[in-house]
Amino acid sequence: MEERHNNRELYFKEQHTTLNKYILPYIEKFKPITENTQVLEVGCGYGGNLKPFMDKGCFITGVDIREKSIEDAKRLLDIDSHPKLTLIASDIYDVKDFDQKFDIIFMKDTLEHIPNQEKFVPLLKTFLKDDGVIFQGFPPWCNPFGGHQQMCEGKILSKLPWFHVTPRPVFKAILKLFGEKESTVNGLLTDVYETRISIFRFKKIVRKSGLEILDENLFFINPNYEVKFKLKPRKLLPVFNIPFLREFYTTTAYYILRKKQ
């Protein structure tokens with residue numbers, strides 16, 4: 001397992017750096033961000049992605065299913081000093097409504113953990129203003145580490161690409177064979193394998209949701225890898241943007257969505 005998954009401060013800084021340098025400018029091409037912008041992040045974790053929006057003076061709501069993550073976010077973001085910040089520990093499916101609609105709904109590396117995405121993506125539309133946008137960034141399931149095997153304790157499995165695309169019983173058997181803890185095995189099976197998402201299925205869900213894709217960016221080298229591995233981000237070249245095959249070498253997919261016009 002990488003140090004960043006246990007070091008909350010490091011993970012927070014990595015999120016903040018990538019969002020501030022790459023994702024915030026990307027969103028601003030489609031939606032201006034001002035001190036009056038209402039922002040919702042689903043799956044906010046420790047809050048690193050919220051910090052750049054906070055620095056711009058936005059009204060911010062962060063939701064995460066893990067109460068401990070929300071407690072860490074309150075500490076790292078110094079919530080008592082920021083009256084425009086609201087953090088909620090809840091399953092997003094249990095949030096019936098918010099006090100307002102949002103200009104920007106933000107999700108990064110979260111959709112692949114959400115069950116029943118066919119129900120969830122249309123739900124986001126109900127939280128969105130008519131002229132608002134949704135940012136979705138997720139790793140396609142079939143990419144080299146789409147199984148989140150970097151969470152494994154063993155050094156071999158944590159660096160072994162593509163073994164997660166095997167059938168579920170095989171994936172489980174490999175994890176057990178290499179001595180992974182029961183909690184790790186169960187987590188990867190229920191929180192990743194069962195909720196996996198592909199580019200193809202994501203687009204199919206969006207088409208049926210009442211939303212539409214305003215922009216798409218597929219990356220061969222994930223922008224996250226700059227702060228993690230000192231690798232410069234690289235978008236997928238058009239010649240390699242081949243349906244089905246791109247699922248295996250797209251390390252992350254960025255989308256801007258809006259309500260269907």
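Let's start with G137, which stands opposite Y254 in β8. The strands around that spot are β5, residues 128-138, and β8, residues 252-259, and they run antiparallel to each other, paired over five bridges. For pairing, DSSP has to find at least two bridges between two strands. Helices here are DSSP runs of H or I with at least four residues, strands are runs of E with at least two, and both are numbered from the N terminus.

Before I go on, a word on the source: this is a predicted model, where local features need pLDDT of at least 70 and side-chain atom pairs count only at pLDDT 80 or more, while totals for chains, interfaces and linings use all residues. Residues are numbered from 1 along each chain as its sequence is written, and side-chain values use heavy atoms, with hydrogens and water left out.

Now the whole sheet. It is open, has eight strands with mixed pairing, and reads β3-β2-β1-β4-β5-β8-β6-β7 in order. Which strands stand at the edges? They are β3 (85-89) and β7 (234-235), and each has a single partner strand, so one side of each is left without a neighbour in the sheet.

Helix α4, residues 117-126, packs on it and touches β1 (38-42), β4 (102-108), β5, β6 (211-221) and β8; contact means heavy atoms within 4.5 Å. The direction of α4 makes about 145° with that of β5. Those angles run from 0 to 180 degrees between N-to-C directions, with axes fitted to C-alpha atoms, for helices over the stretch in contact. Helix α7, residues 199-209, also packs on the sheet, touching β5, β6 and β8, and its direction makes about 165° with that of β6.

On to salt bridges, meaning a side-chain nitrogen of Lys or Arg within 4 Å of a carboxyl oxygen of Asp or Glu. The structure holds 18 of them. One joins R201 to E118, with the closest N and O atoms 2.7 Å apart. R201 sits in α7 and E118 in α4, so the pair ties together parts that are 83 residues apart in sequence. R201 has a relative accessible area of 23% and is partly exposed; E118, at 44%, also counts as partly exposed. The cut-offs are under 20% for buried, over 50% for exposed, and partly exposed in between, using a 1.4 Å probe and protein chains only.

K203 forms a salt bridge with E216, closest N and O atoms 2.9 Å apart. That pair links helix α7 to strand β6, across 13 residues. Then there is E212 with R258, at 2.7 Å between the closest N and O atoms, which links β6 to β8, 46 residues apart. And if you like networks, R8, E9, K68, D72 and R75 are linked in one made of salt bridges.
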